[in-house]
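Subject: Structure for your files

Hello,

Here is the structure I said I would pass on. My notes on it follow below.

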Amino acid sequence: MLLRLEDIHTHYGKSHILQGVSMEIRKGEIVGLLGRNGVGKTTTLNTVVGFVKPSKGRLIFNDRDFTSYPCHKISRMGIAYVPQGRHLFPQMTVLENLKTGMLYATGGDGLDRVFDLFPNLKRLLDQKAGSLSGGEQQAVAISRAILKNPEILLLDEPTTGLMPLFVNSLLEIVRRLNEEGMTILLVEEKVPFVLSLSHRIYFMVKGRIEHGAAKEDLVERPEVFVDYLGVRP
Ligand SMILES: Nc1ncnc2c1ncn2[C@@H]1O[C@H](COP(=O)(O)OP(=O)(O)OP(=O)(O)O)[C@@H](O)[C@H]1O
């Protein structure tokens with residue numbers, strides 16, 4: 001098992017947001033995390049990367065308990081995050097943004113790999129990140145995350161604000177990263193996107209994982225999506 005969440009409880013002040021989240025992600029998988037707005041998907045990712053500390057439960061990565069680790073140590077361990085909204089530095093150039101991802105770089109082919117995945121980035125290096133299109137910004141955000149050569153990449157709503165053409169190329173990029181060995185945890189509201197990519201999907205309801213199933217099982221039982229999300233895939 002690469003990443004395991006064991007009975008995770010997370011609070012924001014007095015609000016008890018995660019109420020016992022347990023899930024497992026095996027090496028090499030793409031795992032989707034679905035749920036209605038506000039059930040705690042982003043909080044789950046924020047808890048894994050150490051932005052917020054759980055009040056109860058354990059986080060395990062490669063058999064190591066990292067529940068109490070600070071963010072930078074979690075990042076260095078091999079967990080990368082592309083947050084919702086991308087969080088680039090808009091006034092900095094693309095290259096400067098990428099360099100922030102190289103601070104803790106542990107190896108890999110660095111920028112060559114990024115240009116291989118996103119050839120267009122090469123001619124945008126001197127442009128301010130804030131001037132780029134949504135698709136280009138997403139490319140920078142993903143590139144910055146994978147420069148650390150992580151074992152697992154957490155993606156939060158990566159298709160938000162992308163034109164359909166970019167959504168398709170993002171799908172191919174995520175698939176390719178996975179084929180090259182990267183494990184992916186994907187939070188995304190576009191169900192067809194998640195269904196197309198994921199090997200397994202977890203369904204979250206009010207701060208808990210209520211259901212988890214392999215993609216093949218879900219394809220045959222679309223009513224599961226209605227039960228947990230209120231939509232058909
Ligand atoms: N910093 C915060 N302080 C207090 N409450 C928060 C904070 N961030 C999120 N919440 C609350 O925690 C709950 C879960 O939010 P979260 O963003 O994890 O949900 P989500 O499933 O990712 O939903 P969405 O798809 O809307 O992003 C929501 O009720 C939200 O209002």
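A crossing of two helices is called right-handed if the near helix is turned clockwise from the far one by less than a right angle, and left-handed if the turn is anticlockwise. By that convention, H3 passes H5 in a right-handed crossing. Please keep in mind that this is a predicted model.

Overall fold

The chain holds nine helices and 10 strands. Its radius of gyration is 17 Å, close to the 17 Å that the globule rule gives for 233 residues, so the chain is as compact as a globular protein of that length. Along its principal axes, the C-alpha trace spans about 45 × 40 × 30 Å.

H3 and H5

Helix H3 covers residues 94-102 and helix H5 covers residues 134-146. Their axes come within 7 Å and cross at roughly 30 degrees. Angles under 35 degrees count as roughly parallel, and H3 and H5 are therefore roughly parallel to each other. On the H3 side, the contact is made by Val94, Asn97, Leu98, Thr100 and Gly101, and on the H5 side by Val140, Ser143, Arg144 and Ala145. By class, the contact of H3 with H5 has four nonpolar, four polar and one charged residues.

H5 and H6

H5 also packs with helix H6, residues 164-179, at an angle of about 15 degrees and with the axes 10 Å apart. H5 and H6 are therefore roughly parallel to each other. Here too the crossing is right-handed, with H5 passing H6. H5 brings Gly134, Gly135, Gln138, Ile142 and Ile146 to this contact, while H6 brings Phe166, Leu170, Ile173 and Leu177. The contact of H5 with H6 divides into six nonpolar, three polar and no charged residues.

Ligand

Which residues are around the ligand? They are Tyr12, Ser15, Ile17, Gly35, Asn37, Gly38, Val39, Gly40, Lys41, Thr42 and Thr43. Strand E2 (15-25) and helix H1 (41-48) each supply at least two residues of this shell. H1 gives the most, with three residues. By class, the shell around the ligand has three nonpolar, seven polar and one charged residues.

Regards

Key
Residues are numbered from 1 along each chain as its sequence is written. This is a predicted model: local features need pLDDT of at least 70, side-chain atom pairs count only at pLDDT 80 or more; totals for chains, interfaces and linings use all residues. Axes are lines fitted to C-alpha atoms, for helices over the stretch in contact, and angles run from 0 to 180 degrees between N-to-C directions. Helices (H or I, at least four residues) and strands (E, at least two) are DSSP runs, numbered from the N terminus. Angles under 35 degrees count as roughly parallel, over 145 as roughly antiparallel, 65 to 115 as roughly perpendicular and the rest as oblique. Two residues are in contact if their C-beta atoms, placed from the backbone, lie within 7 Å. Ala, Val, Leu, Ile, Met, Phe, Trp, Tyr, Cys and Pro count as nonpolar, Asp, Glu, Lys and Arg as charged, and the others, Gly among them, as polar. A residue is near a molecule or strand if its C-beta atom, placed from the backbone, lies within 6 Å of it. The radius of gyration is taken over C-alpha atoms; the globule rule is 2.2 Å times the number of residues to the power 0.38.
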